[in-house]
Amino acid sequence: MTSIAFRRRAQLAVLLGPVSLFLAVFFLGPLAIMIVTSFLAPGLYGGVEWTWYPHNYGRILGFADPMFEDFDPIYIAIFLRSLKIAAMTVLATLLVCYPAAFCISRLSDRWKNFCLFLITLPFFTSLIVRLFIWVLILRPTGLANEVLIGTGIVSRPLDLIYTDGAIILGMVYVFIPFMFMPVYASVEKLDWTLVRASLDLGAGPIRTFLRIILPLTAPGIAGGAVIVFIPALGNFVVPAILGGAKVMMLGNLIEQQFLAARNWPFGSALAMMVMTVMLVLLFIHVVVSGRRGFDPATGH
Amino acid sequence: MRDSIVRLEKAAKAFATPEGQTVTALDAIDLDVSRNEFLTLLGPSGCGKTTLLQAISGFVQLDGGHILIDGEDMTDRPPYRRPVNTVFQNYALFPHMTVGENTGYALEVAGVAKAERTKRVGDALRMVGLEGMEGRKPRQLSGGQQQRVALARAIIARPKLLLLDEPLSALDKNLRQSMQIELKTLQHELGISFIFVTHDQQEALTMSDRVAVLSGGRIQQLDTPRAIYDQPKNSFVATFVGASNLFEGEAGSGQLVTKDGLSISHGRQGATGAATALIRPEQFFIAQSGDSAPGLDVDLEQIVFVGSTFELFGRTVTGRRVIAEIPAMRRSLVGEIEQSRRARLAYDPAAVHLLPAEAA
């Protein structure tokens with residue numbers, strides 16, 4: 001007997017089958033390999049030695065095998081710097097996107113669609129090409145310095161490129177669309193009669209923003225923050241091009257371990273650490289947004 | 001002179017349409033609302049009633065004129081500094097706050113201490129029949145309950161004036177009628193002036209002390225519900241409020257003759273010149289043989305039973321449409337004319353109202 005419940009489950013299996021299979025083979029598989037690798041000893045000339053070796057993590061966290069690999073606080077410093085740059089990227093993209101979302105949400109439909117198209121326009125060109133244009137702008141003889149010197153604001157070229165600032169600028173440039181879309185979605189949904197009601201009940205513009213507009217658009221801000229923070233933390237293209245050799249981020253470090261140092265276990269351990277941080281952040285996000293949506297009447 | 005709580009002096013507002021035209025929403029409106037008065041702004045959509053309400057609450061900046069609330073000039077004050085609160089059409093409850101937080105918002109903003117706030121929130125909710133609902137979220141309430149929260153939230157800070165922007169339009173008919181009576185009672189208890197906006201003439205007549213009928217950005221007539229209904233000043237008011245039969249023609253003493261030759265008797269002796277006679281449908285009765293009252297002979301096109309009355313749709317010999325309302329208790333008479341499809345609709349000349357002729 002094929003009950004409706006059974007048929008529904010069969011349908012679901014058919015629909016979800018391909019994606020499950022794909023993720024299992026191309027995501028869970030490599031992930032398992034990486035977890036195993038991160039606990040193996042590095043081979044002398046690359047590859048791995050099949051022995052239990054937790055000291056890859058020790059090198060980062062402070063319990064290293066002093067004979068072979070040493071603990072170096074530089075890794076934690078790079079970790080913290082990457083967190084800082086990712087956080088500043090989130091903040092900067094938010095400061096750019098939030099006001100813009102309000103402006104665009106109040107335009108007529110035609111202009112709205114045009115502006116949304118403009119936001120996605122950068123995706124039509126290669127990321128690498130776009131970042132190299134920033135190199136041309138920021139280098140000592142680049143456009144930015146020429147303008148600054150030409151207008152007499154500075155007398156000697158500034159160090160613009162290969163700084164934290166250059167990386168953040170590049171990151172903001174890359175991640176603005178990722179922040180804009182979720183923020184815009186929640187701003188667009190905002191019911192302006194609620195703002196009117198708040199003003200009508202005696203709340204001034206600032207209080208109305210803090211008590212009404214901000215809480216009601218918070219889900220979009222949180223969504224945008226997660227979507228920007230996670231790839232920003234692991235990004236290695238932007239620091240590689242705009243940070244040069246001076247500024248190292250986690251993404252570069254991991255890339256180096258795999259490609260230049262040929263130390264796969266240590267690279268895997270670093271990657272696992274990044275993933276742990278991201279999972280913790282995602283977990284917090286899910287818990288917080290889940291509680292906001294909790295309805296005591298229905299229990300959902 | 002009456003004690004005025006709101007005064008509008010030559011309030012004017014025009015909007016530019018996207019097509020580049022200007023629409024006059026308020027055409028130099030003068031209006032006085034008394035303390036403790038229930039005033040209704042009645043009119044079709046686009047007549048300026050909502051603009052007028054928003055001008056008082058501060059969401060529309062006037063192009064000209066002044067608004068005084070309790071003697072103070074409010075023309076340039078932002079909404080959050082006016083002693084006026086609004087009940088919005090779609091309730092506009094804050095979805096992320098509980099019923100208690102919604103209700104107490106105006107007090108919280110005004111810096112009232114938590115203990116007093118809690119007490120006053122309880123009082124306000126009791127007043128609208130939602131005792132003990134403080135902890136609920138707005139989306140857990142029915143439409144009628146949300147409406148009550150919006151009301152409690154708007155009255156809690158004791159505004160000098162409460163504005164209601166078609167607050168009952170989203171409710172079903174039975175609930176709307178009971179809310180009409182509750183609102184009226186509440187207004188009496190609070191002693192606050194209410195300005196109520198609606199396009200529903202029944203609602204306006206039921207609840208108001210005075211009704212302002214608006215059209216084209218102007219107040220067509222401002223009067224008690226009875227005066228609006230019985231003595232409308234022009235044909236717009238006559239047709240917008242209630243059903244009406246209008247007969248344009250030349251008035252003479254006790255008679256009005258229309259262009260198509262109908263003669264309507266009226267009670268006004270000295271009347272002369274062009275005028276329009278108004279006969280409400282319920283003023284007609286079916287003439288029986290021997291009745292001496294004046295009347296109109298009509299061919300009946302349709303007879304509709306609506307419960308308490310029959311509605312008769314007929315045409316005079318000259319082809320003019322006439323509507324009459326006959327109480328359902330006269331059903332034997334209606335039965336007779338249903339057979340013949342003809343009737344003589346009689347009326348009392350004293351009940352005929354004469355409108356001055358209007359410039360076309």
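Student: How many residues of chain B are in contact with chain A?
Tutor: This is a predicted model, in which local features need pLDDT of at least 70, side-chain atom pairs count only at pLDDT 80 or more, and totals for chains, interfaces and linings use all residues. Residues are numbered from 1 along each chain as its sequence is written, with chains lettered from A and ligands numbered from 1 in the order in which they are written. Contact means that two C-beta atoms, placed from the backbone, lie within 7 Å. Chain A contributes 15 residues, and chain B contributes 18.

Student: Which element gives the most to the side of chain B that touches chain A?
Tutor: Helices (H or I, at least four residues) and strands (E, at least two) are DSSP runs, numbered from the N terminus. Two elements give two or more residues to that side: β6 (84-87) and α3 of chain B. With four residues, the top contributor is α3(B).

Student: Within what arc do the buried residues of α4(B) fall?
Tutor: Buried means 20 or more other C-beta atoms within 10 Å of a residue's own, exposed means 12 or fewer, and partly exposed lies in between; C-beta atoms are placed from the backbone. In α4(B), Arg117(B), Val121(B), Ala124(B) and Leu125(B) are buried. The arc is taken from the directions from the helix axis to the C-beta atoms. These buried residues line one face of the helix, because they fall within an arc of 95°.

Student: Which elements do the buried residues of α4(B) pack against?
Tutor: The face turned away from the buried side carries exposed Ala115(B), Glu116(B), Lys119(B) and Arg126(B). The buried residues pack against elements of chain B: α2 (99-103), α3 (105-110) and α5 (143-155).
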